Amino acid sequence: TMAFFELSTLPSFLLSRIISIILAICLSSLHLYIHQRLVPIPKLSFHLKSILHEREYWRLISSQFVHASLLHIGFNIFALLSYSFLESTEGTIAFIRLNFLLLVFCPLLQMLIYYVLWKVYRVERYYEMHAVGYSCVIFGLMTYASMKNPLDFIYLMGFLPMPSLMMPFVSLFITQIIVPRASLLGHLTGILVAYPLSVPAAVEWMNPWWLFTSIAFMCAALIVNLKWTNPDLRLLKWIDVQLIGSDDADNSIAALTVVNGVLVSQASASHTDDSEDGNDSDFGAHQESHRIDIHQDAAGQDSQQQSPVQEERTMVDLPSRGPEDSNDNDDSFNYNDQTSLLRPNRSESNEDLFDSSSL
């Protein structure tokens, strides 16, 4: 009878923690996708240099959904599900609001701390450091739970009692001992941000309408910033039209073709013919070309001699590459694959590309 009763309450138990379950599924699925595609983690991580100089503000959010290893994401998902009781006690809307505010303000505070350490105290490693993981939000949830019951005692590892208010700092200390590469400042930002969020008056103004409007605005801003910093990335046609300035959405993503070893758009290729006929227009002002390597196949023939199907697959958008990336062997992209923008060669791995200075 007891087993039947527990089984009958399982659907209501899962529904009361539905957001936590969805987050766990999304984090694990994204981790598997990134490692299956061999996407370099530094391309998505929190990186102060890229945020300030390349204006890649989308890294503030993308870095929190990326994890460095299976053990890393395993600990975070376990901790997320452990604090899923906040969703049933505080309510689904309050839990979404708490995660959203932690997701936004933790990387902002982390960027401020890194900038002060780099600019004021001349600690150069924070300028080049990469950081990833959902741990900032996890420590924020832990601190929020401890502030709701500050006088309670929590048994650490099942036998060591301690005040609830001490739990976040004890966990921070233990995490640094077990995983020395863990980001101390990143976890600390989650604790610091959660303290004002635990005050009801600080978050009650954000009703469901403001909450979902803010989430939609943030998503739109991140997409626009991603497209702006990666102009060759194929996104929504409307965004391409608005940012590129084309009057025709179909022409905003022009097909590319190989001309003398250079990958150029069809419009640029036709402009080349006009220039050869005596047109004095500036060819460089109307095109942006990217050189590609001409690989040899097993028979020793150039890859330019390919079937019409292969030639059509070659007409893809290329990620923009600056002067700094031109000599970087870690960024060798596979241009014959339209499924992933950041897929490198299969011989590479994330462990070789990822900066091990921080997790």
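**Exercises on helix packing in a predicted model**

Of the 359 residues of the chain, 40% count as buried. The model is a predicted one, and its secondary structure comprises 19 helices and seven strands.

**Exercise 1.** Determine how helices H8 and H10 are oriented to each other, and describe their contact.

*Solution.* 
Step 1. Helix H8 covers residues 92–119 and helix H10 residues 135–148; they pack at an angle of about 120 degrees, with their axes 9 Å apart.
Step 2. H8 contributes Phe95, Leu98, Asn99, Leu102, Leu103, Cys106 and Gln110 to the contact, while H10 contributes Cys136, Val137, Gly140, Leu141 and Tyr144.
Step 3. By class, the contact of H8 with H10 has nine nonpolar, three polar and no charged residues.

**Exercise 2.** Determine how H10 and H12 are oriented to each other, and classify the residues of their contact.

*Solution.* 
Step 1. Helix H12 covers residues 184–197 and packs with H10 at an angle of about 40 degrees, the axes being 7 Å apart.
Step 2. Angles under 35 degrees count as roughly parallel, and 65 to 115 as roughly perpendicular.
Step 3. H10 and H12 are therefore oblique to each other; the crossing is right-handed.
Step 4. Among the contact residues are Phe139, Thr143 and Met147 of H10 and His187, Ile191 and Leu197 of H12.
Step 5. The contact of H10 with H12 divides into eight nonpolar, seven polar and no charged residues.

Definitions and conventions: Residues numbered from 1 in each chain as written. Predicted model: local features only at pLDDT ≥ 70, side-chain atom pairs only at ≥ 80, totals over all residues. Heavy atoms only, no water. Axes fitted to C-alpha atoms, helices over the stretch in contact; angles between N-to-C directions. Helix = DSSP H or I, 4+ residues; strand = E, 2+ residues; numbered from the N terminus. Parallel < 35°, antiparallel > 145°, perpendicular 65-115°, else oblique. Contact = heavy atoms within 4.5 Å. Nonpolar A, V, L, I, M, F, W, Y, C, P; charged D, E, K, R; others polar. Buried < 20%, exposed > 50% of the residue type's maximum accessible area, 1.4 Å probe, protein only. Left-handed = near helix turned anticlockwise from the far one by under 90°.
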